[in-house]
Amino acid sequence: MARRLAVDFPAGAVAFPGFVDPHLHLLAMAARRLSVDCSVHNAPTISHIADLVRAKARSLPIGSWVRAEGYEEIRLAERRHPTRLELDAAAPDHPVLLHHGAGHVVVANTRALQALGDRGTDGPMADGLLVGAESLLDERVPQLAGDEMIQAVGSASRELAQAGVTGCTDATVTNGLDRYDFLRGLTAEGVILQRLVVMPGVDHLLDFIDAGLRYGSGDDRCRVGHAKVVPPDEVDADEMREKVRVAHEEGWPVAIHVVDVDQLDAALGAIEESPAPAGTCDRLEHNALSLPEQVERIARSGAAVVTQPSFLEHRAKRYLEELSSVEQEWLYRVGSLLKAGVVVAASSDGPVAPSRPIEVAMAAMTRGGGRVGRVFAPDERVDGSTALSLITTAAAKVGPRRPGQDSDVTVLSGDPFAIGASASSSESIQVLATFVAGEMVTKT
């Protein structure tokens, strides 16, 4: 799959089909640039988090929202989530939202809870810990906007280009028509350098239909993708079947968030009952845990899997401590799915993990290996050629066709996917240039 380019690059440089990240959250990546960094290297304790929140609050007018990102309770010294009261003490006059590094979990202080419609001292939100509240936050919290946000999106896009990413899919469940229009405008203006696919949230499909948009609508730089479905933690199989049925009847394939075996079971039931529209295939996002017997069922369903093998490195501590040895063998399958005939692509889920396709592909080869001292399910490992396909041909195949994408090229200083390449040796491989539609968008 390597290519030669008539461009002056150092000896040993290799050109590949453009890397694609088929599942990330571009606006969340941008928002993280505008938020307080509470990741473990910056805030190893809850006290450190409180200090950072306090400092940010003091720099803002009273009543302004404080946004903080990146903590993981398992990596904090206290090994727990911060609480509403701890955030209150740090910023009593500001609403505060502290986003977990893995997404889908937020800690809110009392002022934030009041803005969200809760009294904050009792009831289901009393501790301030919100799970799966994306729609509520999207509705009630003022959105980041303006030139600062546009600049942050541009910064995130340039970082993607520097990692060799030529195309990506924003898989955010709260994507509505206004967000699609915003992102489409930024691609037209050249702020976003990649070819972009935007998944509409399944609950927003009517707005897209009323605007004359369908699955695959758009141009060569920005298109409408799958309808995104995220089930609640307590899976409602009937509700999922109804959402999938409606999306399919309107001509949309679905991309269903599945991180445990119960969600996967419900998703497969919905897909089996209502096949994807002709010429399309549904997607199972993450497929974090799947039973051996579910592999063949996935294959029979015709759905593709978009998974995150690099989580085996970035979240290894959590998996080793929270999952049994048997469950660890079910994590982020690749090899067994491919053997069963399933189309598999690999993504970063950025900003949950860095969008570095080389790292993502290498993780599918090593399954943790020397970096974490544990190989997760070694039978799920793949060879270099297959790993490359996860971030190129397969990653492009799981979304609507991007016209002209054959002219997208990523140039590396060497071939990290060669037989015998190791994770450690691949770290020295650099992205020398990224071409989108034949135009060089970054060069090092």
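This is a predicted model: local features need pLDDT of at least 70, side-chain atom pairs count only at pLDDT 80 or more; totals for chains, interfaces and linings use all residues.
Local features here need pLDDT of at least 70, side-chain atom pairs count only at pLDDT 80 or more, and totals for chains, interfaces and linings use all residues. Residues are numbered from 1 along each chain as its sequence is written, and side-chain values use heavy atoms, with hydrogens and water left out.

Me: How many aromatic pairs does the structure hold?
Reply: Rings of Phe, Tyr and Trp (its six-membered ring) pair if their centres lie within 6.5 Å; planes under 30 degrees apart are stacked, over 60 edge-to-face, and the rest tilted. One of the pairs is F311 with Y332, edge-to-face at 5.6 Å centre to centre and 75° between the planes. The structure's count of such pairs is five.

Me: What is the order of the strands in the open sheet?
Reply: Strands (E, at least two residues) and helices (H or I, at least four) are DSSP runs numbered from the N terminus, and two strands pair if DSSP finds at least two bridges between them. With parallel pairing, the order is β11-β12-β13-β14-β15.

Me: Which residue in β14 is the bridge partner of R283?
Reply: Strands β13 (residues 283-286) and β14 (residues 304-307) pair in the parallel sense over three bridges. The β14 partner of R283 is A304.
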